[in-house]
Amino acid sequence: MNEYLPLATLLRLLAVLTLTLAPHVGHLPPWVSALIAGLIVWRGLTAYRQWRMPGTMVKIALALLAFVGVLVHFDGRLGGQNAGTTLLCVMTALKLLEFKGRRDVMVLIFLMYFMLLTHFLFSQEMWTVAYLFVCVLAVTAVLIECQHRGALSPRITLRKGGIMVLQALPLMVLLFVLFPRIPGPLWGLPEDSAAARSGLPDQMAPGDISRLIESDEVAFRVEFHGPVPPPSARYWRGPVFDHFDGRAWRDSVPTFASGLSSRLELLGEPVSYAIMLESQRGRWLFALDMPAARSLPDDAFIGREGQLLARKPVTERRRYELTSYMQYRLAPELDEHARKRYLRLPPDFNPRTRTLAATLRTHYTDDEALVTAVLRMFHEQPFVYTLRPPPLGRHSVDEFLFDTRRGFCEHYAGAFSFLMRAAGIPARVVTGYQGGQHNVFGDYYVVRQSDAHAWAEVWIENRGWVRVDPTAAVSPQRIEQSIEAALDAAEGLPGHLAARTRLRFYLEARWEWLNGRWNALVLSYGPELQQRFLERLGLDDLRDTILALTVLGTSILAFMGVLTLRQFAPEPVRDAALREWQRLTRRLARAGLPQRPGEGPRDYAARVAAVHPEWAQAIHHITQLYVRMRYLDDPDPAGQNALVDAVRAFKPRSARRRSWIRS
Amino acid sequence: MGSPLQQALHKLDTIILGKHTQLRLAMACLLARGHLLIEDIPGVGKTTMALALGRVLGLEFQRIQFTSDLLPADILGVSVYESREGGFRFHPGPIFAQLILADEVNRASPKTQSALLEAMEERQVTVEGATRKLPEPFFVIATQNPAQQIGTFPLPESQLDRFLMRIALGYPDPQAERALLQERERRDLLQEIAPAMTAAELITLQQSVKQVRTSPALIDYLLALIQHTRELPGLRQGLSPRAGLALRRAAQAWALIDGRSGVIPEDVQAVFAAVVGHRLVAAPERAGSTPTAEEILAQVAVP
């Protein structure tokens, strides 16, 4: 281990630091990124040009400024992962200000290892893991280099580091598989992480669903255990909205708990499947209409309007099994109170639509006939399904139905439900996902945010709630094929939906499959999956043993660590004279004159006296006493007392201040 | 200029100019009952220094010029048949003196070298079965030309160990060289110098070196230094226990010269390079990264 870093090693260390910090640039405030980059460049130049390192006051001031800056930037909250990571990055970079000897190198290297962990707070993709492996290798190589005298060629350190990382791999796999898992994310993922997530909105106004189409993020993946329902039957129910305020559809009474579910009669053949749900905002678990209550996961329930909900927000990826029935009767009886709620409309909105509803009512007394007539109207009149509809004014339904006639699924579902209510048929808007793309490699279906959809449900006497999808009447391709088939390519599809070549299609499917396996096998490896895995290995009975062994092993390691620490802790100074001498050298070190490792007391005193002639007398007196006590004679109490007094009387700081005034 | 020792050093300084440290090292070596190896090019004053030492300390001086045909008997002496006395009589060789200057030891054959080195170590010689004690004090200054020349036998590492110190003299600094050229011949000056002490006084001083105190703290420092040389990657082997003892004795002598009753770390540091330099064996595969004595001193903390 060398005390002073060769320039080449220092530059390599800075390069590795840049490598480990680089992925954070996206999350850090720009001024922090600039500050860190500046510090790294400055440290490199300082070493190269032999500039002076900053003094203590400068360091303290900079650290405080940076801390306050971060505090202000995050409005005083340092709890979230963004603020915490930013603070960690800034302080790591500031470490460069006092980056000199071996201790600083070790601190920085261990900070870098820790920094690698923080990347998982932001991304757990495969490429992140690959990148972090590269980083671990680089940090380890630098660690090896810093343990040697003189700079080493990266070829040697990278090879040695690579061997060490490879040797650690089996241990990593073992710990990954066997280390007892805790349910829930390890860090109790802070709130601000949810903001970045996309998902179905909590209300539906024109434009809310079409915004989601821009995202190619995966909402969930489905594996069917038997026959796969056709695309036109794959409606994945999400939030249901029963209240229209003139502009947006919302949920009048948020669904919080179970016990309010409507009566559900399941008919026909069951379809069973597993869903791998990505983390999202809200508590929605998605299911094919309608899931059987007996097949629900333990922490899920069916809400009043047939929605499937988890008891807690779905902040992390999860997998659940379900059985659904494609034929069902939902709430065959509707009480008067509910009926009123599903017919309520805000007054003074959309007069033309109300007139149309009244007209239709006079023509069709039968509810079902009226529904069919409206769907026919959508189909036969020149309605256009488009991602970029023109904006609508106050009477949005009127303008849409009679003027613009261009809309996306939320326009059709909203207008249809309004028309139904105006005609006296209980109706509501259902949002969720529709369809899903088959992945041939994994034989599963991917449902993306771009598959988000909105449709309507009307209540028909004796049949209960019946799904009606007006979008299907306008654009059957949307339902039977996919969104990109339904939309005109000329209107500028989002990139991920644009025309695909065969190769791109193949690569996308391959990549999607790989990601799916990664999610299913690695990222969702929680307590449940671990239990199943151990069961398959026949180790399930040993779970408690493994837990006990882990605790035992960790305790032993911690104990060994404490022992090692104690071994390296400085021994208490037994020699009384030496204790006084060290008191003196500490004071002089603070005044900028530390005793060099190989420097004897007499030489040191001479050096100090040469720099500060005003201390010469005191220093020589102390040194004389110390040398006599420690080397020349046997220690005697009188000499010891004289030494203690002399050291106590010596005040280099005040003397220094005096010398400033004098100069 | 109180004690005879200080007087002697002062007189030496007036003759050998600008070699303050080397003279004290040589004196410390002598006081520690060790022998001195000077490695330097010819003409920098090796012989003059040996002469001056002998003169100032009142020692009987002998010079042996080593050549390739020098035989052990040429150093130790031979028994010759004396017809007048009707028997053999031992004619002592030049080794029977108090101060020996062995010039260019690396020119002689290993056999002759080892005869000298054995005498140095044992302080006695055995010729034809009879053991004869060498005079006291007994001090050898050997010189060696550092440049590798054809027909020389550089002293092996194990033999170098017999010398307590190895020093180099080097060129005098410009000021000393000017004085050297301006003033009279040094050798002539030497004749006018009176001895500062007697051989008996010197022996007393050698005895008192052993009395110089080495405190536990100082022993800790010596141990740390020795241990460090054994752990350095640039060295094939570190200091032996004998080297440690030599270091302690030399430091004691240095403290005595400095007029101190105990050894302080600076004393160890002052003699360290001279005592240790020829005992550290560089690891050949790490040539270039061999630490110097100064580096070792800088790396080991004074406890």
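Helices (H or I, at least four residues) and strands (E, at least two) are DSSP runs, numbered from the N terminus. Residues are numbered from 1 along each chain as its sequence is written, while chains are lettered from A and ligands numbered from 1 in the order in which they are written. This is a predicted model, in which local features need pLDDT of at least 70, side-chain atom pairs count only at pLDDT 80 or more, and totals for chains, interfaces and linings use all residues; side-chain values use heavy atoms, with hydrogens and water left out.

Q: What share of the residues of chain A score at least 70 in pLDDT?
A: pLDDT is the predictor's confidence in each residue, from 0 to 100. Chain A averages a pLDDT of 83. The share of its residues that score at least 70 is 91%.

Q: Over which residues of chain A does pLDDT stay under 50 while the model has 6 contacts beyond four places in sequence?
A: Where pLDDT is low, the predicted coordinates should not be read in detail. One stretch of chain A with pLDDT under 50, residues 190–196, has 7 contacts (heavy atoms within 4.5 Å) beyond four places in sequence. The stretch with 6 such contacts is residues 654–663.

Q: What percentage of the residues of chain B count as buried?
A: Buried means under 20% relative accessible area, exposed over 50%, and partly exposed in between (1.4 Å probe, protein chains only). Chain B has 13 helices and 11 strands. Of its 303 residues, the buried percentage is 52%.

Q: Which residue of β9(B) stands opposite B:Leu37?
A: Strand β1 (residues 36–39) of chain B pairs with β9(B) in the parallel sense over 3 bridges. Opposite B:Leu37 stands B:Arg166.

Q: Which residue in the turn of the β3(B) and β4(B) hairpin has a positive phi?
A: Strands β3 (residues 77–82) and β4 (residues 87–92) of chain B run antiparallel and are joined by 6 bridges, with B:Gly77 opposite B:Pro92. The hairpin has 4 residues between its strands. A positive phi of about 70° is found in the turn at B:Gly86.

Q: Which helices of chain B pack against the buried residues of α23(A)?
A: The buried residues of helix α23 (residues 616–632) of chain A include A:Ile619, A:Ile622, A:Leu625 and A:Tyr626. Within chain A, these buried residues pack against α21 (576–590), α22 (601–611) and α24 (637–649). From chain B, the helices are α10 (216–231) and α12 (265–276).

Q: Is A:Asp348 buried or exposed?
A: A:Asp348 is found in the loop between α10 and α11 (351–363) of chain A. Its phi is near 65°, a positive value in a residue other than glycine. At 60% relative accessibility, A:Asp348 counts as exposed.

Q: What is the relative accessible area of A:Ala331?
A: A:Ala331 is found in the loop between β10 (318–330) and α10 (336–341) of chain A. It has a positive phi of about 55° although it is not a glycine. A:Ala331 is buried, with a relative accessible area of 5%.

Methods. Pairing = 2+ DSSP bridges.
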